[in-house]
Amino acid sequence: MLTKNHIISSCVIEVGSIFKNGESLFQNKSADLSGFLLSVYQHFQLNYPKYYKMDNLSKLGWLASEILLKDSYQKDQYQPEEVGLVLTNRNSSLDNDIKYFESAKEIASPSLFVYTLPNIVIGEICIRNNFKGEHAFYIQEMFDADFVTVQVNYLLDNNILKTCICGWVDVLDQDYKAALFLVERQQTDNSVPFSTKSINNIFETN
Amino acid sequence: MEQDVFVVADNILSPLGKTTAENFDRLINNVSDVKEHYDPAISPRSFCASIFDKDRVFVESHKTSFTKFEQLLITSIDDALKSTDIDVADKKTILIISSTKGNISLLEAEKNTPELQKRIALSTSAKMVADHFGFQNTPIIISNACISGVLSIISGARLLRNGQYENAVVVGADVISSFILSGFESFQALSPQICKPFDKSRDGLNLGEGAATVILSTNKKFEHNIKVLGGAVSNDANHISGPSRTGKELSFAIDQSLKEAGLSANKIDFISAHGTATPYNDEMEANAINLSGLESVPLNSLKGYYGHTLGAAGLIESIISIRSLQQELVLPTPGFKEAGVTKPINVIVEPLSMKAKRFLKTASGFGGCNAAVIFGK
């Protein structure tokens, strides 16, 4: 499918590895998921106290968005309402749902309950970057590049958004994967045409 | 030129009734299903909510592999399909499912195993429901907190407008179990009585169970039906569990919906608000409505009839409002007596006879999400 939109950057996090635009930036295969996520936070010298209260789904998505946007996103070019997100995953917020449910047997915690929704990761990324545009969270059994492409093209082609973060963020226990794409209407020197094929390639080849 | 999207058929399945007509009839007679319950399986304390009778079976026994959540979806879709000849097996028809928590109650009854986790996954339910009816396309599932229902209508309308499909069966449901109730309780968000949207003494929300279906189509044979005129979504970028202080972001979604519909604010005849009756939500909504210049437009919240039905709420409230356009009767806001928000709004207190042409439906939720959709003749 032809499109006039462009992938400005991509970030894939899986099996203890981080890739930005296909290039390996960091590896830590010895830790469990929580330890791995913390090592990523430290390696990239991030400083965001809210990180520590997030569930693993939000941590994973938030870290991927930080790496995706760093040196790639021109913040001053866009109004908050012109930036949005389309995210998908398989397991919704089940990873944290199980933790919340276990804890609620003793005493229900509002700070865990709020993460029992998959779109909270979108909220966290919006708060961090002051993104206020269109967004949606869809549940899919597998990453559906066709679906994501159609959704994002609609938002960009109809001038609803000027730039969109899209992709997949999924966590269940120790299984996880994030693959985010920064898609814009303007081409840049290193951008790749945004298509089903190109995002599938990035999703699968790291 | 983008295509018009028409509302072809609908259903509401709630404790008040199993069809839209039954539900509307109960509401005209000012009947609410929100009442006090005591059920140790849901909460060790009594709670005020609108829930189905515990033993009610929705889909007959030879299909008992369906959970309550799936039975609600199936029963609602089934009734909506009765009044139309739309072919679900047509590649031009898409199923869209909206839910916040789907089958999460299974966690409460069964051992946490990989099999159970797969059974809880919304895509499992979606596949079972799609197979039951014979939908050919993989269903689309939206889980975006309390805007899921409105967002599913917006998503459906867009997929139809850009020609990807001709028909969309948009369904939403949620089931209230101890998982959800304990969470809202932990936020101290629940009212011990029927909630009081926008009222001075409002003290929280009621939860509710329900399902609802809207069937949309771009087929010109429905061109005299009510249309989805526009819709938009925004994010507060402020707090994950509290709404915007200003209402600016919901107002932006409202303004974008008006823009997409090609309408000015004075063309909106009434508003079906989110109106959960939590102090912060209603205050934020009143702010947003003022910022969009809609403060004098008659407004209702139906939460006092149904409670907050989560992933079904946007659908149920849109369908009731569509019925209001058709029957020229806009419903009041049970629980409201005296305005308790800092900006003026025009809350409907008695059933209002009105030849309305268009209405605005709003929703907001955790994660800072806001959505607005406009329906009209």
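Start by selecting Asp97(A): with 25 C-beta neighbours inside 10 Å, Asp97(A) counts as buried. The model on screen is a predicted one. Asp97(A) belongs to helix α3 of chain A. Leaving aside residues up to four places away in sequence, Asp97(A) touches Thr116(A), Ile104(B) and Leu107(B).

**The contact between the chains**

Two of the partners of Asp97(A), Ile104(B) and Leu107(B), carry the chain letter B, so the next selection is the whole contact between the chains. How many residues of each chain are in contact with the other? The count is 40 residues of chain A and 40 residues of chain B. On the chain A side, the elements that give two or more residues are α3 (94–104), α4 (110–113), α5 (120–129), β5 (135–139) and α6 (145–157). Helix α5(A) has the largest share of that side, six residues. Coloured by class, the side of chain A that touches chain B shows 23 nonpolar, 10 polar and seven charged residues. For the complex, the predictor reports an ipTM of 0.97 and a pTM of 0.98.

**Helix α7 of chain B**

Now select residues 178–186 of chain B, which form helix α7. Is this helix enclosed or open? Nine of its nine residues are buried, so α7(B) is largely enclosed by the rest of the structure. The buried residues are Ser178(B), Phe179(B), Ile180(B), Leu181(B), Ser182(B), Gly183(B), Phe184(B), Glu185(B) and Ser186(B). To see what covers them, show α3 and α4 of chain A, together with β3 (47–50), α3 (106–109) and β7 (207–208) of chain B, which are included in the cover. After the helix comes Gln188(B), with a positive phi near 55 degrees.

**Two crossing helices in chain B**

Keep chain B and select helix α6 (residues 148–161) with helix α11 (residues 313–327). Their axes come within 5 Å and cross at roughly 70 degrees. The two helices are therefore roughly perpendicular to each other. From α6(B), the contact takes Ser148(B), Gly149(B), Val150(B) and Ile153(B); from α11(B), it takes Ala313(B), Gly314(B), Leu315(B) and Ser318(B). By class, these contact residues are four nonpolar, four polar and no charged.

**Helix α2 of chain B**

Move to residues 68–82 of chain B, the 15 residues of helix α2. At 1.5 Å a residue the helix should span 21 Å, and its end C-alpha atoms are 21 Å apart, which agrees. Which residues of α2(B) are buried? They are Phe69(B), Glu70(B), Gln71(B), Leu72(B), Leu73(B), Ile74(B), Ser76(B), Ile77(B) and Ala80(B). Among the elements that cover them are β1 (5–13), β4 (93–98), α5 (122–133), β6 (167–174) and β8 (210–217) of chain B.

**Two buried leucines in chain A**

Return to chain A and select Leu63(A), which sits in helix α2 (residues 56–69). Leu63(A) is buried, with 27 other C-beta atoms within 10 Å. Beyond four places in sequence, Leu63(A) touches Ile13(A), Leu37(A), Val40(A) and Tyr41(A). Ile125(A) is 62 residues away along the chain, with 9.2 Å between its C-alpha atom and that of Leu63(A).

Next is Leu182(A), in strand β7 (residues 175–184) of chain A. Leu182(A) also counts as buried, with 23 C-beta neighbours inside 10 Å. Its contacts beyond four places in sequence include Ile7(A), Ile8(A), Ser9(A), Leu68(A), Leu69(A) and Thr163(A). The C-alpha atoms of Leu182(A) and Val148(A), 34 residues apart along the chain, are separated by 12 Å.

**Two loop residues with positive phi**

The tour ends in two loops of chain A. Asn21(A) lies between β2 (17–20) and β3 (23–27). Its phi is near 50 degrees, a positive value in a residue other than glycine. Asn21(A) is partly exposed, with 17 other C-beta atoms within 10 Å.

The last stop is Gln45(A), in the loop between α1 (33–43) and α2 of chain A. Gln45(A) is not a glycine either, yet its phi is positive, about 50 degrees. Is Gln45(A) buried or exposed? Gln45(A) is exposed, with 6 other C-beta atoms within 10 Å.

Conventions
Residues numbered from 1 in each chain as written. Chains lettered and ligands numbered in written order. Predicted model: local features only at pLDDT ≥ 70, side-chain atom pairs only at ≥ 80, totals over all residues. Helix = DSSP H or I, 4+ residues; strand = E, 2+ residues; numbered from the N terminus. Expected span 1.5 Å × (residues − 1). Buried ≥ 20, exposed ≤ 12 C-beta atoms within 10 Å, placed from the backbone. Contact = placed C-beta atoms within 7 Å. Axes fitted to C-alpha atoms, helices over the stretch in contact; angles between N-to-C directions. Parallel < 35°, antiparallel > 145°, perpendicular 65-115°, else oblique. Nonpolar A, V, L, I, M, F, W, Y, C, P; charged D, E, K, R; others polar.
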